[in-house]
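Thanks for making the time this morning. I would like to walk you through one model, residue by residue where that helps, and I will give the cut-offs as we go.

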Amino acid sequence: MDVLLLFMGLTLAAAGVLLIRDYSRALYSSYTARGRVVNIEPGYWPRAWLPEGYPRDQRLPAYFPVIEYYWNGESSRFTALIPEASSSLQIDELVDVQVSRS
């Protein structure tokens, strides 16, 4: 029994070290920029995000914000496919954007 608890503890400690290492790499390889919502686009929710019990052969309509940000003098735009962003953001609202350097 003690060996099993020791093995479980070592496994959890190793998993924690790996998660911290990956998280620190993600922080180092990204930057934060100030963005602005420039448009709202109609679309459909990805099938993986459909509510439980919703038929998978049907598509659920939604609206997604288009966010524009500037970095090093260059403008970039992307559509945010986050459920929280689609219901709470409005045009001309400022948001913080975390973007990968690559």
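This is a predicted model: local features need pLDDT of at least 70, side-chain atom pairs count only at pLDDT 80 or more; totals for chains, interfaces and linings use all residues.

Let me start with Val-99, which counts as buried at 15% relative accessibility, where buried means under 20% relative accessible area, exposed means over 50% and partly exposed lies in between, with a 1.4 Å probe and protein chains only. Residues are numbered from 1 along each chain as its sequence is written, and side-chain values use heavy atoms, with hydrogens and water left out.

Val-99 sits in strand β4; strands here are DSSP runs of E with at least two residues, helices are runs of H or I with at least four, and both are numbered from the N terminus. Leaving aside neighbours within four places in sequence, Val-99 is in contact with Ser-29, Ser-30, Tyr-31 and Tyr-69, contact meaning heavy atoms within 4.5 Å. The C-alpha atoms of Val-99 and Leu-27 are 10.0 Å apart, although 72 residues separate the two along the chain.

Turning to the rings, the structure holds two aromatic pairs, where rings of Phe, Tyr and Trp (its six-membered ring) pair if their centres lie within 6.5 Å, and planes under 30 degrees apart count as stacked, over 60 as edge-to-face and the rest as tilted. Tyr-31 and Trp-71 are stacked, at 3.9 Å centre to centre and 20° between the planes. Because Tyr-31 lies in strand β1 and Trp-71 in strand β2, this pair ties together parts that are 40 residues apart in sequence. Tyr-31 is buried at 12% relative accessibility, whereas Trp-71 is partly exposed at 34%. Tyr-69 and Phe-78 form an edge-to-face pair, with 6.2 Å centre to centre and 65° between the planes; Tyr-69 is buried at 8%, and Phe-78 is partly exposed at 31%.

Is Glu-68 buried or exposed? Glu-68, which belongs to strand β2, residues 61-71, is buried, with a relative accessible area of 16%. Its side chain makes a polar contact of 3.5 Å with that of Arg-77; such a contact is a pair of N or O atoms within 3.5 Å, and within protein one must be able to donate a hydrogen and the other to accept it, residues adjacent in sequence counting only if both atoms are side-chain atoms. Not counting residues up to four places away in sequence, Glu-68 also touches residues including Gly-35, Arg-36 and Val-38.

Finally, Asp-92 lies in the loop between α2, residues 83-88, and β4, and has a positive phi of about 75° although it is not a glycine. Asp-92 counts as exposed, at 52% relative accessibility.
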